[in-house]
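Subject: Structure handover

Hello,

Please find the structure below. My notes on it come after.

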Amino acid sequence: MFRNYLKVALRNLWKNKFFSSINIIGLSAGLAVFLLIVVYVVDELGYDKYNRNSARIYRLDSDISFNGTQFSSATSPEPLGPALVRESPQVEQMVRFNYQGDILIRKDNQNIQNHHAVFADSTFFRVFSIPVVAGDPRTALNDPSAIVIDETAAKALFNSTDVIGKTLFIDNTTNCHITAVIKDMSRQSHFHFSFIRPRGTRGPNANDWLNNNVQSYILVKEDASRAAVQKSVDGIINNYLVKELEDVIHTSAKDLAQSGGHFIYHLMPLTDIHLHSDKSYEFEANGNINYVYIFSVIAGLILLIACVNFMNLSTARSANRAKEVGIRKVAGSLKSDLIAQFLTESVLISLFSLFLAYLAALVLLPFFNQLSGKEIHFSALYSTWMLPFLFGLVIVVGCAAGFYPAFYLSSFQPVQVLKGTIARGFKSSWLRSTLVVFQFCISIILIIGTIIIYKQLSFIHNRQIGYDRDQVLILHNTDYLDKQIKPFRQDLLRLTGVQAATISGNLPTAGSYNQNGWFLDPTLNAKQAVIVTEFAVDENYVPTLGMQMKAGRNFSRDFLSDSLGIIINETAARLLGFKQPLGKLLYRPGGDQTNLRAIPFHVVGVVKDFNFSSMHEKVGPLVIRNDENWGSIAVRLHTANIQSLVAQIERIWNSMNSGQPFNYSFMDTDFDNVYKAEARTGKLFVTFAIFAILIACLGLFGLVTFAAEQRTREIGIQKVLGANAGGIVAMISKDFIGLVLIATLISIPIGWFAMNKWLESFAYRVKVEWWIFIAASLLAVIIALLTVSFQAIRAAVANPIKSLRTE
């Protein structure tokens, strides 16, 4: 029986090549996009799961609040991890990191720079499942002079992974011997280290509970619940940190809580970090779970559009198969047999479509990677779970798309069919009309989303952010110049085309900054404290970056007291309640734990607010100290030949013999990198919107073609009676264009709501203006009109004699 179903299905597909092609092409396009998005979503959800104990690993994150100011970070106090292992029965092991970032390696009289170096506890391999190629992971980080490197680094430095015992001269100061070689860390990891050195004793913070200076991870026991571990963390924080804090800020934990303040340390599951964490001091930029949700919905909607095409064309062509159904029923076919026949055809189309979609996905994957910023390998499309998934998808899509047509066609009564009383043509199908409206609703919503996303990105790029980022060259790792850094700056200022230069690692595009508590009272009373971002800069910082002073003055060498002077931003002045901030005193804790004292700083100026964090957040309070921070040099250029000037700067750099490779970027590029995720989202939205519209228009084209075919005699008679081509085009087009207009009315409120929700994540955002919806609707109508008109005009200009002769 199945063989007969298959033979009839193939015969029908071949007989109706045009409509079969439209069905297969539309469904293939929808499935190809669906497959690519599924692979993307699975990739995003798979981060850090390569760790054998990923479900038992947590990061300790801080959440600190004082008087309405809040600071959340991926760091914690150095003694917290050991205390948990020592005192909590639920915690099995811990590891702490101090991120070094750049590392300098001396090789064959050349310095090689790497950007992925970290200091870690010797317990690193007991917490994380990093495959070891050579060496003993149990002892690899026991020796303070040890270093662990990855395969890529080993091959780059020695052209081999057999490097155990070899020595590396690090940062022009230290000889380290290689104790282990690890495989390159998984792409699906929230951190990537090429060089790991032992933390050992990292200075005076081993017992400092008030300094969040490490990234701490804990491995809990198999039977431990998250709630029980969190209770242990809270208990240890209360026993150690809060008690120490009370001695410093002269406020009890109860009073602090009543004023809205708190010191909380949360457990962040390892597998949640990539999609659910965007705190200060993340190792790398993470993903966003909202985009995973958005793209998952889009994948489903595009697949639905493709399935709707199939249903529409199948039901529209029902009259052509009505006599077949009637004769089969008279010949004794059961309704179940007819349903099986039509579902076989539907699944067969799905199979053909899936085969083409799979090939298309393989071809498009490199372009999709480039568009989404991913590095998904071809193997993801033929992984162990993919084949069963695809098989199930064929059955589901085939049955879902063919379910209604199968039951609709099999329900025809043979007497009515053979008498010719079954309605012909496109008319009188409310379901088909509903599905066309549904298709274009989705397409118009995607167009609205695309326009608003691009408006927001343009707004971010062009908004006045409080400083001038154009033609600002940033030289990195300038702290290696040491005492030569100031002579180096002076040499730069002598170059034609260099307008100004400032020495500071606290640049507005740096991303992560120190946050500290500042007090209005010399007793360091927490009730009069705020948490602010803190910059350390020289006197050239404000003019070099083109910042504007609201009140007071910039730092100056003419004032020796400026060593204890500060500049605050407008937000800090408002938060502190300073109507006349100049000359006001703020206090910063100084000294060590045994001799903590309040250091007074006086306000010499107020700088206008500038964005030093993402525009997802409002400008926070900022205190700028006049202090040395040699991490970077920002150089303002004014030249038509930037590359030539950069080459001159590089020559001066090399003449200083710092041993550090010349590493630079431009501030406007660094600024744009902050919004890479949004830019990629915009590009993906455009791509998906184009696919959705093309698939919807393909189905609409098929429907118009069929409607014109069914009305061949009517069109011929009207032309003989004197109707012109324009009138016939209008007659064929009006029903379809009316459906698209209905779709615009439905999609506008949905698009407005969805994009307002997306914009809520930005502190600074564009207004959702009425013209956006008009433009999206007009674009959809124009595209639909072009699609409909092409086939309608073709029908209108056909020879009426031929059309009447065929009837």
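This is a predicted model: local features need pLDDT of at least 70, side-chain atom pairs count only at pLDDT 80 or more; totals for chains, interfaces and linings use all residues.

Residues are numbered from 1 along each chain as its sequence is written, and side-chain values use heavy atoms, with hydrogens and water left out.

Overall

The chain has 24 helices and 23 strands, taken as DSSP runs numbered from the N terminus (helices H or I, at least four residues; strands E, at least two). Of its 807 residues, 52% count as buried; buried is under 20% relative accessible area, exposed over 50%, and partly exposed in between (1.4 Å probe, protein chains only). The accessible surface is about 36500 Å², and carbon and sulfur atoms hold 57% of that; areas come from the Shrake-Rupley method with a 1.4 Å probe, and for residues only the protein chains shown count as cover. Among contacts (heavy atoms within 4.5 Å) between residues at least 6 apart in sequence, 79% join residues at least 24 apart.

Aromatic pairs

Rings of Phe, Tyr and Trp (its six-membered ring) pair if their centres lie within 6.5 Å; planes under 30 degrees apart are stacked, over 60 edge-to-face, and the rest tilted. The count by this rule is 35 aromatic pairs. Tyr40 and Phe295 are edge-to-face, because their ring centres are 5.5 Å apart and their planes at 75°. Tyr40 sits in helix H2 (residues 17-45) and Phe295 in helix H9 (residues 289-316), 255 residues apart. Both Tyr40 and Phe295 are buried. Phe97 and Phe124 also make an edge-to-face pair, with centres 5.8 Å apart and planes at 80°. That pair ties strand E4 (residues 91-107), which holds Phe97, to helix H4 (residues 124-127), which holds Phe124. Relative accessibility is 0% for Phe97 and 0% for Phe124. Ring pairs link Phe97 and Phe124 into a cluster with Tyr99, Phe125, Phe128, Phe191, Phe193, Tyr217 and Phe283.

Salt bridges

With a salt bridge defined as a side-chain nitrogen of Lys or Arg within 4 Å of a carboxyl oxygen of Asp or Glu, the count is 26. One of them joins Asp43 and Arg187 at 2.6 Å, N to O. These two are 144 residues apart, Asp43 in helix H2 and Arg187 in the loop between E9 and strand E10 (195-198). Asp43 is buried at 6%, whereas Arg187 is partly exposed at 28%. Glu282 and Arg59 form another salt bridge, at 2.9 Å, N to O. Here Glu282 is in the loop between helix H8 (273-276) and H9, and Arg59 in strand E1 (residues 57-66), 223 residues apart. Glu282 is buried at 15% and Arg59 is buried at 1%. Salt bridges with shared partners join Asp43, Glu44, Arg187 and Lys374 into one network.

Asp171

Asp171 lies in the loop between strand E8 (167-170) and strand E9 (174-182) and is buried at 14% relative accessibility. Leaving out residues up to four places away in sequence, Asp171 touches Gln100, Ile103, Leu104, Arg197 and Tyr480.

Surface patch

Trp770, Trp771, Ile774, Leu778, Ile782 and Leu786 form a nonpolar surface patch with about 680 Å² of accessible area together. Patch residues have over 30% relative accessible area and no salt bridge, with like charges joined within 9 Å and nonpolar side chains (Val, Leu, Ile, Met, Phe, Trp, Tyr) within 5 Å. Leu786 lies in helix H23 (residues 770-796) and is exposed at 60%.

Regards
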